[in-house]
Amino acid sequence: MSWSVTDDIFVSASLASYLDRKLLVLTGDGRKLLGKLRSFDQYANIVLEGASERVTVGDLYSDIPLGLYIIRGENVVLIGELDLDKEELPLRMIRVSAPEIERAQKAEREAADLKGTMRKRMEFLDID
């Protein structure tokens with residue numbers, strides 16, 4: 001994909017309205033990053049101040065602090081402004097510490113691995 005002058009103007013004009021506002025950025029690998037937009041360029045590379053990564057596992061979540069964070073434009077899938085006056089998560093969500101969410105992620109990965117292992121072991125029972 002090639003950029004044109006029109007694309008540069010569109011990106012610059014659309015991101016300029018978000019400067020100094022708290023944003024949620026969804027990346028191509030599925031990460032959810034929150035922070036205040038401090039800078040950007042014509043390629044949608046962005047700089048977030050006070051950034052954190054929101055990690056969710058089931059009904060648990062944690063905001064892991066990252067500090068000043070640069071995101072390459074090609075990794076940005078979605079940018080949205082957060083309303084600071086509203087709670088952005090459902091009431092059922094429970095905030096936990098970073099170590100707790102890491103343990104939950106590990107347990108979730110192990111459960112998925114076990115499920116895959118069991119499926120492979122059961123393939124010999126192909127009943128079709």
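**Briefing: a predicted six-stranded sheet with two helices**

T27 touches L33, I71, N75 and V77, leaving aside residues up to four places away in sequence. This residue belongs to a predicted model, in which the protein has 2 helices and 6 strands. Along the sequence, these elements follow the pattern α-β-β-β-β-β-β-α.

- T27 is located in strand β1, which covers residues 22–27.
- The relative accessible area of T27 is 8%; because the cut-off for a buried residue is under 20%, T27 counts as buried.
- The side chain of T27 forms a polar contact of 2.4 Å with the side chain of D29.

**Sheet architecture**

- The 6 strands form an open sheet with mixed pairing, in the order β5-β1-β2-β3-β4-β6.
- Strands β5 (76–81) and β6 (94–95) stand at the edges; each has a single partner strand, so one side of each is left without a neighbour in the sheet.
- Helix α2, residues 98–122, packs on the sheet and touches β3 and β4 (60–71). The direction of helix α2 makes about 105° with that of β4.

**Pairing of β2 with β3**

- Strand β2 (residues 32–40) and strand β3 (residues 46–57) run antiparallel and are joined by 7 bridges.
- K36 has E49 in β3 as its bridge partner, while L34 stands opposite S52 in β3.
- The hairpin of β2 and β3 has 5 residues between the strands, and A44 in this hairpin takes a positive phi near 70°.

**Pairing of β3 with β4**

- Strands β3 and β4 also run antiparallel, with 10 bridges joining them.
- The bridge partner of V47 is I70, in β4.
- The hairpin of β3 and β4 has 2 residues between the strands; here G58 takes a positive phi near 60°.

- V76 is in contact with V25, L26, A44, I46 and I71, when its neighbours within four places in sequence are left aside.

**Whole-protein values**

- Of the 128 residues of the protein, 25% count as buried.
- Among contacts between residues at least 6 apart in sequence, 52% join residues at least 24 apart.
- The protein exposes about 9,100 Å², and carbon and sulfur atoms supply 54% of this area.

How values were computed: Residues are numbered from 1 along each chain as its sequence is written. This is a predicted model: local features need pLDDT of at least 70, side-chain atom pairs count only at pLDDT 80 or more; totals for chains, interfaces and linings use all residues. Side-chain values use heavy atoms; hydrogens and water are left out. Two strands pair if DSSP finds at least two bridges between them. Helices (H or I, at least four residues) and strands (E, at least two) are DSSP runs, numbered from the N terminus. Contact means heavy atoms within 4.5 Å. Axes are lines fitted to C-alpha atoms, for helices over the stretch in contact, and angles run from 0 to 180 degrees between N-to-C directions. Buried means under 20% relative accessible area, exposed over 50%, partly exposed in between (1.4 Å probe, protein chains only). A polar contact is a pair of N or O atoms within 3.5 Å; within protein, one must be able to donate a hydrogen and the other to accept it, and residues adjacent in sequence count only if both atoms are side-chain atoms. Accessible areas come from the Shrake-Rupley method with a 1.4 Å probe; for residues, only the protein chains shown count as cover.
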